[in-house]
Amino acid sequence: MTIKCIIVEDEPLAVERIQSFAQKLPFLQIVNSFDNALETLVFLKNNDVDLIFLDINLGEMSGIQLLETAKPSCEVIVITAYEEFAIKGFELKVTDYLCKPFTFERFYQAIERAQQNLKKTNTAIVKDFIFVKTEYRLEKILLNDILYIEGMRDYRKIHTMQKPIMTLQTFLAFEEEIPAHIICRVHKSYMVSIAKIESVERGIIKINNTAIPISDTYKKLFTGLIG
């Protein structure tokens with residue numbers, strides 16, 4: 001599952017640190033960055049995100065005031081140098097609180113907490129089908145019929161229990177629409193149905209007598225889903 005994030009931080013070095021850590025986790029997608037609360041409020045009125053990295057000290061309007069005004073339904077990881085804001089942050093039900101300077105390990109713990117919360121939300125509202133554009137039509141595909149999705153240059157080949165379906169839809173689009181606990185990215189060229197996995201051995205998934213590799217990039221995410 002791709003997690004769309006924004007950074008709200010007025011210190012350039014802190015922004016660089018968050019971006020650097022986020023780049024190590026391929027399922028995190030930084031879609032925008034702001035150095036003040038007012039621009040963030042405008043953005044949130046017109047855009048949906050999954051996670052906000054939020055500094056407390058933002059000048060005219062603090063991160064706490066931003067949360068009280070926007071009341072975002074997404075996950076929020078508060079990032080600040082002031083520990084005294086932690087209690088107020090948790091009163092506002094933030095996901096986690098990172099005190100500067102924080103390590104990658106602590107950053108990853110916060111991301112895992114946000115990821116688990118998002119999985120619970122997505123599980124509650126997930127559809128059991130998708131529509132994909134193939135040739136000149138939109139075709140309905142039941143998620144339970146999908147075996148795996150294979151990348152073939154510009155196309156994605158959806159292997160279903162009935163037939164293969166070719167589409168130009170990207171892997172990123174599939175990841176955004178289908179929760180990872182149902183269809184998981186395991187390689188730059190493959191997504192697999194967790195329910196259809198027959199075996200996993202030495203970094204190879206077997207589905208319907210097909211061997212599908214697990215790349216190092218997606219190994220931790222995949223292992224967490226089946227473990």
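Two strands pair if DSSP finds at least two bridges between them. Strands here are DSSP runs of E with at least two residues, helices are runs of H or I with at least four, and both are numbered from the N terminus. Take β4 and β5: they pair in the parallel sense over 4 bridges. T80 stands opposite C99 in β5.

A word on what you are looking at. This is a predicted model, in which local features need pLDDT of at least 70, side-chain atom pairs count only at pLDDT 80 or more, and totals for chains, interfaces and linings use all residues. Residues are numbered from 1 along each chain as its sequence is written, and side-chain values use heavy atoms, with hydrogens and water left out.

Now the sheet. Which order do its strands take? The order is β2-β1-β3-β4-β5, an open sheet of 5 strands with parallel pairing. β2 and β5 are the edge strands, and each pairs on one side only. On average, neighbouring strands are turned by 20 degrees against each other, direction ignored. Axes are lines fitted to C-alpha atoms, for helices over the stretch in contact, and angles run from 0 to 180 degrees between N-to-C directions.

Two helices pack on this sheet. Helix α2, residues 37-46, touches β1, β2 and β3. Its direction makes about 130 degrees with that of β2. Helix α3 touches β1, β3 and β4, and makes about 140 degrees with the direction of β3. Contact means heavy atoms within 4.5 Å.

Next, the inside. In soluble globular proteins, nonpolar side chains tend to be buried together. A nonpolar core is a set of buried Ala, Val, Leu, Ile, Met, Phe, Trp, Tyr and Cys residues joined through side-chain atoms within 4.5 Å. Buried means under 20% relative accessible area, exposed over 50%, and partly exposed in between, with a 1.4 Å probe and protein chains only. The largest core has 24 residues, and those with the most contacts inside it include L28, F107 and I111. β1, α1, β3, β4 and α5 are the elements that give two or more residues to this core. α5 supplies the largest share, 6 residues. A second, separate core has 21 residues, among them I52, V76, V78 and Y97.

Look at L28. Beyond its neighbours within four places in sequence, L28 is in contact with I3, C5, A22, F107 and I111. L25 lies in the loop between α1 and β2. Is L25 buried or exposed? L25 is buried, at 7% relative accessible area. Setting aside neighbours within four places, L25 is in contact with F104, F107, Y108 and I111.

On to β8, residues 146-152. Here 5 of the 7 residues are buried, so the strand is largely enclosed by the rest of the structure. β8 runs antiparallel to β9, joined by 6 bridges. I146 stands opposite T160 in β9. The two strands form a hairpin with 2 residues between them, and R153 in the turn has a positive phi of about 55 degrees. β8 also pairs with β12, antiparallel, over 3 bridges. There, E150 has Y190 as its bridge partner.

Last, some backbone details. A cis peptide bond joins K100 and P101, with omega about -10 degrees. P101 sits in the loop between β5 and α5. K71, in the loop between α3 and β4, has a positive phi near 45 degrees, in a residue other than glycine. K71 is exposed, at 63% relative accessible area. R202 is not a glycine either, yet its phi is positive, about 55 degrees. R202 counts as exposed, at 82% relative accessibility.
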